[in-house]
Amino acid sequence: MWDQSVDVLVIGSGFAGLSAAIEASKAGATTIIIDKMHVPGGNSAISGGLLSAAGSPLQEQSGIYDSVSLMVADMLAAGQHLNHPNLARIVAEHSVEALLWTIEELGVQYKDRLSHLGGHSVPRTYNTRTTSGAGIIRPMLACCRKMGIPIRLATYLERFITDPQGAVEGVVVREGYVFPNAESGTEKRIRARRAIILASGGFARDVAFRTIQNPMLSQDIQSTNHPGATAETLKAVLTIGGTPVHLSHIQLGPWSSRDEEGFGVGSMFSMLAGFPYGILVDVFTGKRFVNELADRRLLVDAMLMSGVESIAIVDQSGVREASTLDQCLKRGVVAKYDSIEALAEANHIPADSLQLTIRKYNSFVEKGVDEEYGKPISRDSAPITTPPFYSIRLISKVHYCMGGLLINEDAQVMHIQSQLPVGRLYAAGEITGGIHGASRLGGNSIVECIVFGRIAGQKAALETIRS
Ligand SMILES: Cc1cc2nc3c(=O)[nH]c(=O)nc-3n(C[C@H](O)[C@H](O)[C@H](O)COP(=O)(O)OP(=O)(O)OC[C@H]3O[C@@H](n4cnc5c(N)ncnc54)[C@H](O)[C@@H]3O)c2cc1C
C-alpha cells in the first residue's frame, strides 16, 4: 500500500518546515521534506529577513530595555487581543533562543543595528546582512544537506490518509507536480511512522479562498507573496477535523510601492527608511495622516478608509539603513529631488502645505515627542532638512494570513470536535492561526516560524514509532 516510509514527513520548505526538519532529524528521526514548487523556500526565501526578539544581545549593547511581557503586550495590542495569549507568549519567550539558534547553529549573519518597526514599543528587529530571508533560508538548506535531510521538490501534498482512530498515518502526494496543475505528476503514498508536520504557509495568493474569507480582497488587489501561497493544504486538514481560526484576518502591507509588482525593493525602503525616519503624507493635502510607526492594520485602515493617496518622504540622513535604495532608484520605485519644492511639484502635492507639515514634524523630532500622531521618535532620528530628498508612492498589497490552523503549545493541530490533538499531526508557521490575532507585527513571523517549527520537530520525533 505504501511507496515509502519515513519517521517524520514535513510539508513545506520555508522557515517553519526547515526548522522542524532540522530538529526532528537531530532527535534521531528519519525525516523527509516535500515541497510542491520547483524551488525551495516559499515566502520565506523572498521575505525581508527581519526577525524580532525581546531581550537580545544587540538591545543590551544599545541600552534598549525590553522584555517578554512588553513584546507580548505589543503583539496583543496590534492583534486587538484576539491573539491566543499562551501561543503569543511562547513566541516571545523563545525569541532570543530562536535568534541565537540561527546565529550559532546555522551561521546566519545579521547587521549590527536594530530596526524599529511599526507597532513595536522599542527597536527589537534584527536584519540579515543580505536584507532578505534568503540570508536565513540558505544556511537552513545547507544544514539540511549536511544532515542528509532530503528535500523533494515538485511534490504536492494532495490528501491525508488517517487510521481508524483518526490519527494521520500518511499522505498521497503527486511527484513531478507542475504548479498549479492539480492533475500533474504521479500519485505516490508516503507513510509517516511517527508524525506529519504541516509547514505549507499562508494563502494570500489564493484569490478564490481569500475572497471567501474577506470579499474585499479581490484579484484587483496585488499580493507580495510567492505564487504557491495557496490554500489546498489548509482545506485538506479541515476535511480531517483541523480547527480553523481567524481565517478572515488577512493582512495588507502598507509599505509597498505603486510602481512595481509584489514586495519588490520598495517595501524594505519604506520599512527601513521612509516610515521610521520620514513621514507619510496624503498627496492631495500635503499633510500627515497617521503615526508612521503604527502597526500595519492601523496604517492600512488610515490609507484605505480615508481614501488618501500616500507617499513617504525622507531625506538623506534618513536613508542610511535603506539597503535597497540603489535598486529602488534604478527601477524608478523611489525618486530623488534636490528640494522639497521639486518633490512637491513632481508629485502634485500642495507645496506650502507640505513645507508646513515638514516644519511641524521637524519640531516634534527636536522635542523627541510627536504631538500630532504619537509616533515614537527614535534617538537616531533627525529633522527632515538634508537634501537630497526621496519619495516613494505607496499602495497596500495582500501580505500575510493571520488565520490558519489552531495548534496547542506543543504545535499539535487541534481537532474541531474533541478539541484534543489530531493524532500525530503538527503544524507551524503561516499555516497556523491565532498567534497574531487581528494583525501581525513586522519581524514576528520569522521568529514564530522558527520557534514553533523547532517545537514541532522536537515533539514529532518523540511520537512512538508505528509498527
Ligand atoms: C515578500 C515578503 C516579505 C516578508 N518579510 C518578512 C520579514 O522580513 N519578517 C517576518 O517576520 N516576516 C516576513 N514575511 C512573512 C514571512 O516571510 C512568512 O510568513 C513566512 O516566511 C512563512 O513561512 P512558512 O514556513 O510558514 O511558509 P513558506 O515559507 O511560505 O513555505 C511554505 C512552503 O510550503 C509549500 N507548499 C504549500 N502547499 C503545499 C502542498 N500542498 N504540497 C507541498 N508543498 C506545499 C510552498 O510551496 C512553500 O514552499 C514576509 C512575507 C513576504 C511574502
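Which hand, left or right, does the crossing of H1 and H7 have? The crossing is left-handed, a label used when the near helix is turned anticlockwise from the far one by less than a right angle, with clockwise giving right-handed. The model is predicted: local features need pLDDT of at least 70, side-chain atom pairs count only at pLDDT 80 or more, and totals for chains, interfaces and linings use all residues. Residues are numbered from 1 along each chain as its sequence is written.

Helix H1 spans residues 15-26 and helix H7 spans residues 134-147. Helices (H or I, at least four residues) and strands (E, at least two) are DSSP runs, numbered from the N terminus. The two axes come within 10 Å and cross at roughly 30°. Axes are lines fitted to C-alpha atoms, for helices over the stretch in contact, and angles run from 0 to 180 degrees between N-to-C directions. H1 and H7 are therefore roughly parallel, a term for angles under 35 degrees. Phe15, Leu18, Ala21, Ile22 and Ser25 of H1 meet residues of H7, including Ile136, Met140 and Leu141. Contact requires C-beta atoms, placed from the backbone, within 7 Å.

Ser267 lies in helix H10, residues 266-277. Ser267 counts as buried because 26 C-beta neighbours lie inside 10 Å; the cut-off is 20 or more other C-beta atoms within 10 Å. Leaving aside residues up to four places away in sequence, Ser267 touches Thr224, Gly253, Trp255 and Ser256. Ile279 is 12 residues from Ser267 in sequence, and their C-alpha atoms are 15 Å apart.

Definitions and conventions. Parallel < 35°, antiparallel > 145°, perpendicular 65-115°, else oblique. Contact = placed C-beta atoms within 7 Å. Buried ≥ 20, exposed ≤ 12 C-beta atoms within 10 Å, placed from the backbone.
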